[in-house]
Amino acid sequence: MADKLFGTDGVRGEANTWPMTAELALKLGAAAGRHFRRDNQEHRVVIGKDTRLSGYMIEYALTAGFASTGMDVFLLGPVPTPAVGYLTHSLRADVGVMISASHNPASDNGIKLFGPDGFKLSDDSEAGIEKLLQEGVRLAKPENIGRAKRFEDARGRYVEYAKTTFPYRGRLEGLRIVVDCANGAAYKTAPAVLWELGADVISLGVEPNGTNINFECGSTHPEAAARKVLETRADLGICLDGDADRVVLIDETGHIADGDQIMALIATRWAAEGRLKGDALVATVMSNLGLERHLESKGIGLKRTKVGDRYVVEEMRASGHNLGGEQSGHIVMTDYATTGDGLIGALQFLASMVETGQKASELARVFTPIPQKLVNVRYQSGQTPLEADMVQQAIADGEKKLGSDGRLLIRKSGTEPLIRVMGEAVDPALLDTVLDDVVGAVKQAAT
């Protein structure tokens, strides 16, 4: 096991292929259990999952691993990732686990770990667990083996908590909302929260069968929800991903608003109310240059991090900020949640609709984006296309051509064997030319 196990968002890969095998999950559970079990007192772990078929296999393997080190296991069933963070802290568990590959296809799966505070683990904690996994784990004595049981009230607890994040006495009566749950973890919780707050709810992607998660639905494929919004004359469309930690919104005209627009609205509103801690938003290097210029015009700072919501959260915690996220739709509000929460992010947008009386289309277009394009180039294991001289030269030439009116960001994906080539420029034609040159060089280096 020479390869590094943890990526930018836990362990992820194709199900039944290393590292997403039952054998590895069992060993990982034992290593994580030993890492967090530091005395002979009672210890507990909560495990949630999305709706992938392979979730059963990984769930039971992790359970066996944790129990073997004396950890009591509470199985939450299908719940959103933010629910795991919330319940880890609420149930005073030593560790939380979410089994999900987020927006990836059903053939993939992943394991995300949370500390007792409900936040994702630091790099140091992951390194410690990986070291234990490689060296071997001391197992519990027979009389100290952990127990496992289903925690039946997990969804209900999260539903009740999510409702408390909506403004006091606020209601959604008179609003028709399409919610696409991507046949994923929020297929019961999201419609329930919206309905209990008074909305007329039209649900899509709420019939998971183990293999249809994220398939032509959810935040990565919002077209079906956009059509349903227009067909039903809905006031808003909400598209979640497989584990419901990200969201994109659709206004009443069918226009899609990404995470940058949602963050711009919330940041501007919170700043006006004196609620934006540190007078700044934390976002990644992928967020649009138009967002940065809008915030600057409002006297709001923008702090950029590496791609990955965990890095956003780390910067937020280190610097005392309470709002951050990603263009892809992770909206992190540490006043309410320890990780991205698509539903609670949507509720903040709905709160603006209710309080201002404005339509979604008037609120979801906060700034005009600078033209931006992203091209993914797949490469084979063992290849290092970014290190090729031709690629480095193409990048240098492209940056010179763009000057101060654009930027390039070329990076390896942390979850898939892809080189992500992103560019922004005021001049769309120049952007196309520069991206074509860089992408061509990367493809040539990857052959």
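Biologist: Is H3 mostly covered or mostly exposed, and how many of its 10 residues are buried?
Modeller: In this predicted model, helix H3, which spans residues 81–90, is mostly covered, with seven of its 10 residues buried. Those are Thr81, Pro82, Ala83, Val84, Gly85, Leu87 and Thr88.

Biologist: Switching topic, how do H1 and H2 cross?
Modeller: The axes of helix H1 (residues 22–36) and helix H2 (residues 54–68) come within 7 Å and cross at roughly 35°, and the crossing is right-handed. Among the residues making the contact are Leu26 and Gly29 of H1, together with Met57, Ile58 and Phe66 of H2.

Biologist: What sort of residues are in that contact, charged or nonpolar?
Modeller: The residues of the contact of H1 with H2 divide into 11 nonpolar and four polar, with no charged ones.

Biologist: What about the open sheet with E12, in what order do the strands run?
Modeller: Its four strands are ordered E13-E12-E14-E15, and the pairing is mixed. E13 (301–305) and E15 (331–333) each have a single partner strand, so one side of each is left without a neighbour in the sheet.

Biologist: In which sense do E12 and E14 pair?
Modeller: Strand E12 (residues 280–284) and strand E14 (residues 323–325) pair in the parallel sense over two bridges, and valine 282 stands opposite glycine 324 in E14.

Conventions:
Residues numbered from 1 in each chain as written. Predicted model: local features only at pLDDT ≥ 70, side-chain atom pairs only at ≥ 80, totals over all residues. Heavy atoms only, no water. Buried < 20%, exposed > 50% of the residue type's maximum accessible area, 1.4 Å probe, protein only. Axes fitted to C-alpha atoms, helices over the stretch in contact; angles between N-to-C directions. Left-handed = near helix turned anticlockwise from the far one by under 90°. Contact = heavy atoms within 4.5 Å. Nonpolar A, V, L, I, M, F, W, Y, C, P; charged D, E, K, R; others polar. Pairing = 2+ DSSP bridges.
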